[in-house]
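Subject: Structure handover

Hello,

Here is the structure for you to look over. My notes follow below it.

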Amino acid sequence: MKTLEPSAEQDVAVLLALLDAEPAAVRRTPWTWAALSDEQAAALMRTVWRWVADYNLVHAVSSRELIPDCWPQHPGLAHDLAVMIWVYHDSHHDRRTTPLMAGDYHLRYLPGFRSRLDHWLGSDPTSCRAGEHPASWRTSPGETLRPADRHQLVDSDDDSRATRSSFGFTAIGEPPDMGSPSASVSR
């Protein structure tokens with residue numbers, strides 16, 4: 001039996017269930033990769049891919065505004081995109097949206113995103129947009145790798161570092177138990 005990929009509606013329904021969960025104590029943010037289960041993260045990944053395709057078709061008016069296919073390899077960009085799809089959703093599809101919210105999206109959030117795009121792509125955004133993702137997105141071809149680059153993922157699988165970074169929080173969005181041996185904090 002062939003398994004079909006979930007539809008956009010199914011993916012959004014999975015993610016909206018997190019946002020609308022009751023009681024509020026169990027509510028999780030569907031734009032925070034590390035707060036999601038594998039199924040939810042996969043739904044967010046597919047939703048971001050769809051948003052990127054639509055953005056590139058509708059909102060990118062020059063090659064400098066294109067989001068390249070290597071976006072999952074750019075952790076900051078992957079986090080920014082996850083937030084942007086929810087800003088878009090809230091301003092265009094949420095039942096409580098208004099024309100002012102949609103206008104704010106186009107006048108504030110979209111230009112802000114565009115202004116950050118090259119920054120998130122690193123020192124050689126042109127190569128990424130040409131489909132020639134550098135061995136490390138933190139350097140231009142021929143530059144010496146810095147120590148932090150050894151931790152950068154290079155292959156473009158869907159399990160990018162960005163989808164696993166929790167910035168000190170566990171996968172369910174709770175702060176780590178500071179009394180556990182694995183929780184090290186320098187004060």
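Is H59 buried or exposed? H59 is buried, with a relative accessible area of 17%. Buried means under 20% relative accessible area, exposed means over 50%, and partly exposed lies in between, using a 1.4 Å probe and protein chains only. H59 sits in the loop between α2 and α3. Leaving out residues up to four places away in sequence, H59 touches D54, E65, H106, L110 and R114. A contact here means heavy atoms within 4.5 Å.

Some ground rules before the rest. This is a predicted model, where local features need pLDDT of at least 70 and side-chain atom pairs count only at pLDDT 80 or more, while totals for chains, interfaces and linings use all residues. Residues are numbered from 1 along each chain as its sequence is written, and side-chain values use heavy atoms, with hydrogens and water left out.

The overall fold

The protein chain has five helices and zero strands. Its pattern along the sequence is α-α-α-α-α. Helices (H or I, at least four residues) and strands (E, at least two) are DSSP runs, numbered from the N terminus. The chain has 187 residues, and 37% of them count as buried. Take the contacts between residues at least 6 apart in sequence: 53% join residues at least 24 apart. The accessible surface comes to about 11400 Å², and 57% of that belongs to carbon and sulfur atoms. Those areas come from the Shrake-Rupley method with a 1.4 Å probe; for residues, only the protein chains shown count as cover.

Helix α4

Helix α4 covers residues 99-121. Its 23 residues should span 33 Å at 1.5 Å a residue, and the end C-alpha atoms are 32 Å apart, which agrees. The expected span is 1.5 Å times one less than the number of residues. Even so, α4 has a kink of about 35°, centred on Y105. The bend at a residue is the angle between axes fitted to the seven residues ending there and the seven starting there. The buried residues of α4 include A102, Y105, L110 and F113. What do the buried residues of α4 pack against? They pack against α2 (38-58), α3 (75-92) and α5 (125-129). Just after α4, G122 takes a positive phi of about 90°.

Aromatic pairs

How many aromatic pairs does a search of the whole structure find? It finds six. Rings of Phe, Tyr and Trp (its six-membered ring) pair if their centres lie within 6.5 Å; planes under 30 degrees apart count as stacked, over 60 as edge-to-face and the rest as tilted. W51 and F113 form an edge-to-face pair, 5.9 Å centre to centre with 90° between the planes. This pair links distant parts of the chain: W51 is in helix α2 and F113 in helix α4, 62 residues apart. Y88 and Y105 are also edge-to-face, at 5.5 Å and 70°. Y88 lies in helix α3 and Y105 in helix α4, so this pair ties together parts 17 residues apart in sequence. Y88 is partly exposed at 25%, whereas Y105 is buried at 0%. Ring pairs also link W51, Y55 and F113 into a cluster.

Cysteines

The structure holds zero disulfides. A disulfide is a pair of cysteine sulfur atoms within 2.5 Å. C70 is buried at 7% relative accessibility, and C128 is buried at 4%.

Best wishes
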